[in-house]
Amino acid sequence: MNSNFIGNKYNSDLSTVECAKLIRKELKEKFKNIVFSIHSEYYSMGSSITIRILNCGFNFVNPLYNSNNFSVDVPYYTEKALQLLNEIKKTAQQYNYDRSDSQTDYFDNHFYLDVDFKRGD
């Protein structure tokens with residue numbers, strides 16, 4: 001599967017750390033009442049940005065979700081939570097590019113992105 005996208009704010013001169021700072025600034029402006037934790041990391045052959053939503057002001061777990069009942073197809077997150085996750089991903093991916101092709105085991109991107117809610121302690 002080919003991803004093939006270049007974000008409209010992608011700049012090859014920006015490091016992953018610089019992208020994380022710009023993403024943090026943009027998310028703070030866009031979501032004033034939400035608390036984020038944003039970290040960047042470098043490792044062999046790549047880098048990543050991790051965004052954790054620490055406090056969003058609403059319950060992100062679907063009240064119908066039951067971890068003990070695997071036969072019912074109920075999503076873990078509420079619709080509102082999924083919309084928030086997607087909006088944050090869209091914002092962050094503007095600074096990224098991805099020319100990967102997983103079918104040929106070829107991976108080429110500016111950074112990997114992980115966005116999720118903080119759960120537990």
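Biologist: Which residues have the most contacts inside the largest nonpolar core?

Modeller: First, a word on what we're looking at. This is a predicted model, where local features need pLDDT of at least 70, side-chain atom pairs count only at pLDDT 80 or more, and totals for chains, interfaces and linings use all residues. Residues are numbered from 1 along each chain as its sequence is written, and side-chain values use heavy atoms, with hydrogens and water left out. Now the general idea: in soluble globular proteins, nonpolar side chains tend to be buried together. A nonpolar core is a set of buried Ala, Val, Leu, Ile, Met, Phe, Trp, Tyr and Cys residues joined through side-chain atoms within 4.5 Å. Buried means under 20% relative accessible area, exposed over 50%, and partly exposed in between, with a 1.4 Å probe and protein chains only. Here the largest core has 24 residues, and Phe36, Ile51, Ile53, Ile88 and Phe117 have the most contacts inside it.

Biologist: Which elements give two or more residues to this core?

Modeller: Elements are DSSP runs numbered from the N terminus: helices are H or I with at least four residues, strands are E with at least two. The contributors are helix H1 (16-30), strand E2 (35-43), strand E3 (46-55), helix H2 (79-93) and strand E5 (112-117). H2 brings the largest share, 5 residues.

Biologist: In what order do the elements run from the N terminus on?

Modeller: The order is β-α-β-β-α-β-β, with 2 helices and 5 strands in the chain.

Biologist: What does Ile53 touch?

Modeller: Contact means heavy atoms within 4.5 Å. Leaving out residues up to four places away in sequence, Ile53 touches Ile34, Val35, Phe36, Leu84, Leu85, Ile88, Asp116, Phe117 and Lys118.

Biologist: How do I read a helix, then? Which residues of H1 are buried?

Modeller: Try its span before its sides. The expected span of a helix is 1.5 Å times one less than its number of residues. The 15 residues of H1 should span 21 Å, and its end C-alpha atoms are 21 Å apart, which agrees. In H1, Thr16, Cys19, Ala20, Ile23, Glu26 and Leu27 are buried. They cover an arc of only 130 degrees around the axis, so they sit on the same side of H1; that arc is taken from the directions from the helix axis to the C-beta atoms. Lys21, Lys25 and Lys28, on the other side of H1, are exposed. The cover over the buried residues of H1 includes E2, E3 and H2.

Biologist: And which residues of H2 are buried?

Modeller: In H2 those are Ala81, Leu84, Leu85, Ile88, Thr91 and Ala92. Their arc is only 125 degrees around the axis, which puts them on the same side of H2. Glu79, Gln83 and Lys90 are exposed on the other side of H2. The buried residues of H2 pack against H1, E2, E3 and E5.

Biologist: What about strands: do E2 and E3 run parallel or antiparallel?

Modeller: Two strands pair if DSSP finds at least two bridges between them. E2 and E3 run antiparallel, joined by 9 bridges, and Ile38 stands opposite Ile51 in E3. Their hairpin has 2 residues between the strands, and Met45 takes a positive phi near 75 degrees there.
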